[in-house]
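Welcome! Please take a moment to look over the sequence and turn the model around before reading on.

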Amino acid sequence: MGRKVLLYGNKNQRATCVICAESVAVLKEYNLRRHYETKHLSTYLKFSGKFRSKKFESMKRVFESQKNLFTRKFAENESVTRTSYKIVHRMAERGKPFTDGNYIKKYMMEAANELCPEKANFFESISLSATSVLRRAEELGENIALQIRQKARNFIWYSLALDESTDLSSTSQLFVFICGVNLIFQITEELVSVCSMQGRTSGEDIFMEVHKTL
């Protein structure tokens, strides 16, 4: 009966041992009995009857408490990371320097300490250092590029638009925009590339940059 008392089945049809927290992949009687008898029988054989059931209920409460704590902590960490990405996204939209993350964090902490000090530790854990903002911006850019590539595979028609400007260092920047439509008439319009063109900007140079983008 050890398999019924010390192994706790969950909704995913996997049994988790409330003693060692190991999972039994196949929810069958032989597997459960084998796990209990090979790892815990000698220690828990002395428990029987109502005392055994009480011991199991106690272990199950501790196990569920630990599981809920882990789930809640995971959700909190996920929220903190998602918030960091959202802030970096807004910074990128407005062309703000990466170092502005430090100022945003400073003002955010002042507001948190004043309005909800009990939640200040969550705001403190949002990483907005220049290095973190740079990494987040790169990851967002890679994700956008991946989405565009996936959508472009399904285009049946597309058009390109080019624009050229000069940055503060007098370097020519070629912007390549794409507008495409798929079979179900979903339209995608995106900036797909910013090409820094050193030296000449002849028609052939522009063509080669567009060719590389495609």
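Predicted model: local features only at pLDDT ≥ 70, side-chain atom pairs only at ≥ 80, totals over all residues.

The protein chain has 214 residues, and 27% of them count as buried. Its accessible surface comes to about 15,400 Å², with 54% belonging to carbon and sulfur atoms. Among contacts with a separation of 6 or more, 42% are between residues 24 or more positions apart.

Now to the sheet. Three strands form an open sheet in the order β4-β5-β6, with antiparallel pairing. Its edge strands are β4 and β6, each of which pairs on one side only. Neighbouring strands of this sheet are turned by 20° against each other on average, direction ignored. β5 and β6 are joined in the antiparallel sense over 10 bridges; Ile178, for instance, has Glu190 in β6 as its bridge partner. Helix α8 packs on the sheet, where it touches β4, β5 and β6, and its direction makes about 130° with that of β6.

Which strands do the buried residues of α8 pack against? They are listed here with their residue ranges:

| Strand | Residues |
|---|---|
| β4 | 157-166 |
| β5 | 172-181 |
| β6 | 187-197 |

The helix itself, α8, spans residues 203-213, and its buried residues are Asp205, Ile206, Glu209 and Val210. These four cover an arc of only 135° around the axis, which puts them on the same side of α8. An α-helix has 3.6 residues a turn, so residues three or four places apart point the same way. On the face turned away from the buried side, α8 carries the exposed residues Gly203, Glu204, Phe207, His211 and Lys212.

One last stop is Thr171, in the loop between β4 and β5. Is Thr171 buried or exposed? Buried means under 20% relative accessible area, so Thr171, at 13% relative accessibility, counts as buried. Leaving aside residues up to four places away in sequence, Thr171 touches Ser165, Thr166, Ser196, Met197 and Gln198.

Methods: Residues numbered from 1 in each chain as written. Heavy atoms only, no water. Buried < 20%, exposed > 50% of the residue type's maximum accessible area, 1.4 Å probe, protein only. Helix = DSSP H or I, 4+ residues; strand = E, 2+ residues; numbered from the N terminus. Arc of directions from axis to C-beta. Contact = heavy atoms within 4.5 Å. Pairing = 2+ DSSP bridges. Axes fitted to C-alpha atoms, helices over the stretch in contact; angles between N-to-C directions. Areas by Shrake-Rupley, 256 points an atom, 1.4 Å probe, with all protein chains shown as cover.
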